[in-house]
Amino acid sequence: MLLGRYQFTCRFIEDALLPPYKGSTFRGAFGNALKKVVCAVREKNCSRCLLAARCVYARAFENVTPAPGEASRQVAPPHPYVIEPPAGTQTRYASGELFEFTLLLFGEFTDYLPYFVYAFEAMGEQGLGARRGQGMGRYVLESICCEGRSLYDASRRQLASHRPRMLQLGSATSTNGELHLHIITPLRLKFDNQLSAQLPFHLLTRAALRRVSSLFACYGRGEPEFDYRGLVARAKEVEIRQASLRWHDWKRYSSRQEQTMLMGGMNGEIIYRGAIGEYLPLLDLARELHLGKQSAFGLGQVNFTFSPDPVA
């Protein structure tokens with residue numbers, strides 16, 4: 001599966017007031033801007049639009065079924081993007097201050113990068129955060145980098161061509177050792193139809209299998225050939241050595257549902273021990289792609305280190 005990882009650097013030209021976790025704010029403003037950029041008929045309900053199956057906005061944000069011949073096996077395909085918002089909990093930004101965020105695009109949606117860039121420019125003209133459109137939160141896009149290479153010339157507003165990276169499942173081993181997992185942004189996982197505040201290794205494995213298989217099925221060359229039952233069964237034998245997880249709640253306003261919603265997820269660190277080697281290729285993909293619910297907001301970002309047992 002193709003993966004484009006694009007780091008945007010922007011500069012506020014007005015003071016801005018943002019929430020501590022900015023993923024929902026970025027995603028909502030971005031969706032509104034993209035629809036204005038690409039929508040030809042101004043139809044409020046994308047499912048009734050004749051152009052929906054070919055529309056970048058409808059397919060990226062509304063989960064509209066692709067055009068005939070491009071149908072996915074997923075009933076509700078995962079979003080083909082992730083927005084990793086600015087790190088930290090800073091809420092007040094002064095005019096002239098820089099900020100960065102990262103956009104991930106999957107599969108064929110890497111070809112639509114110019115539409116996404118145009119939408120982020122339009123978003124900057126409207127403003128971001130509280131009192132946007134009222135003299136606060138406007139910004140300008142200064143640069144875009146992909147894998148260390150500059151793609152965007154702000155002075156000429158030109159976007160260079162690039163080749164996205166191909167994500168593939170690596171080779172597994174039978175190595176034993178310790179895995180130190182760091183949950184960077186709140187991780188929302190459901191197990192037995194309930195949000196879980198615990199993270200046994202089999203639940204982490206289920207989440208990674210679900211995320212990787214759905215994205216590769218929709219935007220790659222098909223699902224990897226996982227031994228799903230075997231991986232989950234063996235994951236139950238991996239033990240937790242230490243855990244410092246905490247539940248973090250935050251609020252977001254849904255303009256679609258016109259209500260404030262309470263969101264929550266796990267943060268913190270956890271150490272596993274056992275036969276973890278065969279799971280490392282899967283977890284390598286998971287830290288690239290995020291895990292769990294609302295991953296398009298930037299939730300479920302994880303990283304890990306693995307320490308193999310010394311050879312006797």
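How many positive and how many negative side chains does the protein chain have? The protein chain has 38 positive and 29 negative side chains, counting Lys and Arg as positive and Asp and Glu as negative, with His and the chain ends not counted. The centres of the two sets lie 6 Å apart, each charge being placed at NZ of Lys, CZ of Arg, CG of Asp or CD of Glu.

This is a predicted model, in which local features need pLDDT of at least 70 and side-chain atom pairs pLDDT 80 or more, while totals for chains, interfaces and linings use all residues. Residues are numbered from 1 along each chain as its sequence is written, and side-chain values use heavy atoms, without hydrogens and water.

Next, show the whole chain as a cartoon. The protein chain has six helices and 16 strands; these are DSSP runs, with helices (H or I) of at least four residues and strands (E) of at least two, numbered from the N terminus. Of its 312 residues, 48% count as buried, meaning under 20% relative accessible area with a 1.4 Å probe, protein chains only.

Now select residues 23-38, helix H1. Buried residues in H1 include Phe26, Phe30 and Leu34.

Finally, select Thr102, in strand E5 (residues 98-106). Is Thr102 buried or exposed? Thr102 is buried, because its relative accessible area is 12%. Leaving out residues up to four places away in sequence, Thr102 touches Arg5, Tyr6, Gln7, Val82, Ile83 and Glu84, where contact means heavy atoms within 4.5 Å.

Technical notes: The expected span of a helix is 1.5 Å times one less than its number of residues. Buried means under 20% relative accessible area, exposed over 50%, partly exposed in between (1.4 Å probe, protein chains only).
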